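The sequence and structure come first.

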Amino acid sequence: MNLYKRRNLTGWAFLLPAALMICWMSFWPMAQSFMLSFQTGTGARMRYAEPLNLNYGRIFNDRVFIQALQNNFYYLLIQVPIMLILALILATMLNNKNLKFRGLFRTAIFLPCATSLVSYSMIFRTLFAFNGFINTALVRVGILDAPYNFLTNAPSARIVIIIALIWRWTGYNMVFYLAGLQNIDGNVYEAAKIDGAGPVRLFTRITVPLLRPIILLTVIMSTNGTLQLFDESFNLTSGGPANGTITMSHYLYNVSFVHSANFGYASAISFVIMSMVAVLALIQMKVGDKR
Amino acid sequence: MSHAAKRRIGTAFRYTFLSAVSLLSIFPLYWMAVASTNRTVDILRGTLIPGTEFLNNLRFLLEGQNITGAMRNSFVNAASTTLAALVICSLAGYGFEVYHTKNNDRMKIVLLTAMMIPFATTMIPLFRMFAQMGLLNATLAVILPSISTPFLIMLFRQSTRSFPHDIIEAARLDGLNEISIFFRMFIPTMRPTYAAAMTITFMGAWNNFLWPRVIIMNNEMMTMPMLVANLTAGYVTNYGVLMLAVLLSTIPTVIVFFLLQKSFAEGITGAVKG
């Protein structure tokens, strides 16, 4: 065996454990899920459906699923832009070398990321409860006359989820932007300043274009995460009131492990989620790659 | 307005904004810590000062819930996931970059595809598979799905780019074989990347909720997030106890975060640069 071939084999040996695990834990289950999505029955007794696309046909007439789909997109379209713009602004401010208490600010803003999704859902659920801190404070200050039931009204419950998501994830995205900003040559900014560019111009003309690849990365990650939301819906609002805040993953969980073990229908739902994740990622990559 | 005045207003705005955001970020955590030392009545009254009920809340948790077991389970799950994931994914990321520069793009597409598979898609077949293997309620079933993640492989692959290939050549001339180059040269040099990967993996594994909730059915194997989620199941929620459980489940990840914060930032920077 020549040197080249041996190197090549060594390389495959390095990749082997990870590749096997990904096939076993991701690709193989995905293939099975695809087969399952054409079957009906419960638990272990599954058979192919008549007609084959029975589950898929059912999805788009399913009111709860449509509601869940709308909720996911509502979170996506409102929460992700607010969070990413806020994270970008914060990162730009923190990238200033002359700023005092830089480390302190950065740590404080990143700290929410250390809490688990269940934990922060519980914190926000308690804060926004009918007799919780937010209501007590708002009534005491005089903004509200009587406590408002944030979590049992769908529009306000959705907003609580959005506030919670922004709180939890802004710092996380900020770290990525900070890392990207550190790789931008400071001279670019100096030159632009000499040319008379103000802070807003610096931000839109230099920071955003140079960070484009990282912004793209965070957009894809956030879209992916938002379409798969589960813990917040499950713990903060329990999907309620009347499925007003439920997410697709939460509904899928209910279909397969709470109401009945309808694995076929759940698999079909999961493929709808996956195609949306894939299509959105492709669009974002196409749009983001233009220079 | 003069230039200096403009700049002063800008600076004042910047500090006010950053302080406000920092306070909003910390407040819910402060409130949670305070609530864990109070009774439900005082929490609902809106108290913001630490109380004296901490020990009572703790006793309630220790007597009424399997909290020590849940802490131990979460720790075992998170530690073993992290160890296995770091070894497997860094081997792959390194192998990728050092030996397979030609196939790089093709492999990247495979990894990106794997990254796009939502957990919802694999969850049900995984559940059926582990049930068939008799691994319901087993630690192995909890950790196996999260030890080989495309994200970590990509992170290590990107960082390997900054690892000088001269070192590899020099080590080969010195007679080191390929696997010891990895363990004795690569791992010690790439500490920041490992720290970043460790932070991400440990936190992810500790905080994981959906999969443990699906695969674990008995109280013995329950994890911290599951225990916290169950505390609101009753008709009346004891908020002090709930927040103490939240606090306890947050402490380990906060410790990991503070220990590795610096190298975490370095590691991410290294990966983003490549």
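## The second largest pocket

Helix 1 of chain B gives the largest share of the lining of the second largest pocket, nine residues. The model is a predicted one. Other elements that each supply at least two lining residues are helix 3, helix 7, helix 8 (186-194) and helix 9 (199-210) of chain A, alongside helix 1 (3-35) of chain B.

The volume of this pocket is about 1,600 Å³. Its lining consists of 34 residues, and those nearest the centre are Asn96(A), Lys193(A), Pro199(A), Leu202(A) and Arg14(B). By residue class, the lining splits into 15 nonpolar, 12 polar and seven charged residues.

## Salt bridges

Over all chains, the whole structure holds seven salt bridges. One pairs Arg157(B) with Glu97(B), with 3.9 Å between the closest N and O atoms. Because Arg157(B) belongs to helix 8 (residues 150-160) of chain B and Glu97(B) to helix 4 (residues 67-99) of chain B, this pair ties together parts that are 60 residues apart in sequence. Buried means under 20% relative accessible area. Arg157(B), at 3% relative accessibility, is therefore buried, and so is Glu97(B), at 8%.

Arg172(B) takes part in two of the pairs described here, with Glu169(B) and with Glu178(B). The N to O distance is 3.2 Å for the pair with Glu169(B) and 2.8 Å for the pair with Glu178(B). Glu169(B) and Arg172(B) are both in helix 9 (residues 165-173) of chain B; they are three residues apart, so about one helical turn separates them. Arg172(B) is buried, with a relative accessible area of 16%, and Glu178(B) is buried at 14%. Glu169(B) is partly exposed, at 43%. A network of salt bridges also links Arg39(B), Asp42(B) and Arg45(B).

## A nonpolar patch on the surface

Six residues of chain A make up a nonpolar surface patch: Tyr74(A), Leu77(A), Ile78(A), Ile82(A), Ile159(A) and Ile163(A). Together they have about 510 Å² of accessible area. Helix 3 (63-94) and helix 7 (154-182) of chain A each contribute at least two residues to the patch. The largest share, four residues, is from helix 3 of chain A.

Ile163(A) sits in helix 7 of chain A. With a relative accessible area of 39%, Ile163(A) is partly exposed.

## Positive phi in a loop of chain A

Which residue other than glycine has a phi near 55°? This is Ser238(A), whose phi is positive. Ser238(A) is placed in the loop between helix 11 (231-237) and helix 12 (248-259) of chain A. Its relative accessibility is 48%, so Ser238(A) counts as partly exposed.

Asn243(A) is located in the loop between helix 11 and helix 12 of chain A. Its phi is near 60°, again a positive value in a residue other than glycine. The relative accessible area of Asn243(A) is 30%, which places it in the partly exposed class.

Note on methods
Residues numbered from 1 in each chain as written. Chains lettered and ligands numbered in written order. Predicted model: local features only at pLDDT ≥ 70, side-chain atom pairs only at ≥ 80, totals over all residues. Heavy atoms only, no water. Patch = residues over 30% accessible without salt bridge, like charges linked within 9 Å, V, L, I, M, F, W, Y side chains within 5 Å. Areas by Shrake-Rupley, 256 points an atom, 1.4 Å probe, with all protein chains shown as cover. Salt bridge = Lys/Arg side-chain N within 4 Å of Asp/Glu carboxyl O. Buried < 20%, exposed > 50% of the residue type's maximum accessible area, 1.4 Å probe, protein only. 1 Å grid on protein atoms, 1.4 Å probe; cavity = no way out; pocket = protein on both sides within 12 Å on 5 of 7 lines; lining within 4 Å. Points joined across faces, edges and corners; volume = space filled by probe spheres on them. Nonpolar A, V, L, I, M, F, W, Y, C, P; charged D, E, K, R; others polar.
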